[in-house]
Amino acid sequence: MLEAFKWDERYELEIDTVDAQHRHLVDMLNALVEVVTGQRQASDDEVAVLLDGLESYAQEHFADEEALMARWGCDAAHVAAHTRQHEIFAEQIRVARREYLAAGRPRDILEVLANFITTWLSFHILGSDREMAGQIARIRAGRPAERRSMPEHEREGGATRILVEAIGRLYELMAQRNLALAAARDELAELNASLEQRVAARTAELQSALAEVDRTRQQLLQSEKMSAIGQLAAGVAHEINNPVGFVSSNLGSLGLYVGKLLDLLGRYDEKLEALGPPAAFREELRRLKVEADFDFLRSDIGDLLRESAEGLDRVKKIVQDMKTFSHADQLEWQDTDLHEIIESTLTVVWHELKYKAEVVRQFGTLPRVRCLPAQVSQVLMNILVNAAQAIDRAPGRIVLSTRAVGAAVELEVADSGKGMPPEVIGHIFEPFFTTKPVGQGTGLGMSISYEIVKRHGGQITVDSRPGEGSRFTVRLPLDPPAS
Ligand SMILES: Nc1ncnc2c1ncn2[C@@H]1O[C@H](COP(=O)(O)OP(=O)(O)OP(=O)(O)O)[C@@H](O)[C@H]1O
Ligand SMILES: [Mg+2]
């Protein structure tokens, strides 16, 4: 257990200034001991101030002692050893304070220090300081400074002096060992820190490599999926194309033939009228015509044929769009009309949109843009499907607008859906980020879109607030560097 430094007459050197300074030093040391032994609460700041005070006061006192020894011309060997002990004292306080502050302030560092100083001080005063006082007294009395001729030597007892000196050297050794230990500890801490840094850097590298592998795998999966859909679409389009071709050509002939037949019937009527048939025959003919609803047939046949032709045109358009879409695996850069891509994509996802939202087109005049059309279509499809899924109250609204901006085109898709909070916006371009229930979203749509737009040298940005819908903007340079 650490105890306060008790002053007694053995410590008096009979040099007034030095004795007063020793007392003060001991007071300061005892204040530290009080804190260490828990008799007094002290904040870390106060402990630091205490250590600072102790150190600077000791230095001041040591400087005085060293000046005194120089003034009286003490023995050079003694001055060197004495000064060295002073340095050790100051160094011990510095090291302990640094460790106390660095090591999350455990009190035991202070306890070791206080123990060290307490014992050091007693032996220092009894040893070196007494020797100094003795030398000064001898010099004052006109005798040589060396110990050999001092009368106190006998009075003090050789054994005590040898012991005191041995302990003084022991403390010097201890101090050196402490310093070496502290230095080793610092080095170890540094090594540790750099090791941790290296491990962290390696881990980060691994993680990013892993993420890259994952992204590539997802892209492969997605492009496989797209190419499967593309093949399916191409097959269906091909199959539908044949019947649509002959139905369309037959419908053309049918229209021609029906026109001719109706014409022929009209001529019959005219000729019959000119011949003046009997009233009964004329009545019979009129009745038959009414029965067959002839006037209605004549006017409706035209409408039916026209509507059928329109229907067929729509089927042809769908087939054409499916063909455009089925070029998904064809990674070819083409100068494309963005509006064509938008239209064909809208046809493909129409069944997802039609019950959810009204689709409004606000198209500007656009130059052709060099891109991978199937991929741009995929981006738009992902955005449109998300928009439809975000609209939970029909009728919603999806506004598609386009504009030319410098050497780029911009496509904006604004929906009236439920919008997103900032913490969702921050993640939507990350693979596998989804807020949708398991099985409904894979969280890949936006990350794939992001990669595609990046490959085009463009940008995709989002602006959204909860309850206020979302607005995705895709900007594509007219002439991307990658092409
Ligand atoms: N228009 C939007 N309105 C509101 N939230 C959106 C919108 N678009 C994307 N999000 C949010 O971003 C998340 C990620 O979108 P992303 O398209 O990448 O994945 P997903 O739609 O969940 O799944 P996947 O597209 O793979 O089927 C969505 O889960 C959703 O929370
Ligand atoms: Mg999605």
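Predicted model: local features only at pLDDT ≥ 70, side-chain atom pairs only at ≥ 80, totals over all residues.
**Notebook: ligand shell, a helix pair and some strands**

I started with ligand 1 and asked which element gives most to its shell: α10 has the largest share, with four residues.

Still on ligand 1, I counted 23 residues around it. The closest are A390, T434, G441, G445 and M446. I then checked which elements give two or more residues to this shell, and found α10 (373–390) and α12 (445–455). Sorted by class, the shell has 12 polar, eight nonpolar and three charged residues.

Next I looked up the helices α2 (residues 44–72) and α3 (residues 76–102). Their axes come within 10 Å and cross at roughly 170 degrees. An angle over 145 counts as roughly antiparallel, so that is what α2 is to α3. On the α2 side of the contact I listed, among others, L51, L54, F62 and M69; the α3 side includes V79, F89, I93 and Y100. The contact residues split into 12 nonpolar, four polar and four charged.

Last stop, the strands. How many bridges join β5 (residues 408–415) to β7 (residues 470–477)? I get eight, and the two strands run antiparallel. D415 has S470 of β7 as its bridge partner. On β6 (residues 459–464), I found six bridges to β7, again antiparallel.

Notes
Residues numbered from 1 in each chain as written. Chains lettered and ligands numbered in written order. Axes fitted to C-alpha atoms, helices over the stretch in contact; angles between N-to-C directions. Parallel < 35°, antiparallel > 145°, perpendicular 65-115°, else oblique. Contact = placed C-beta atoms within 7 Å. Nonpolar A, V, L, I, M, F, W, Y, C, P; charged D, E, K, R; others polar. Pairing = 2+ DSSP bridges. Near = placed C-beta within 6 Å.
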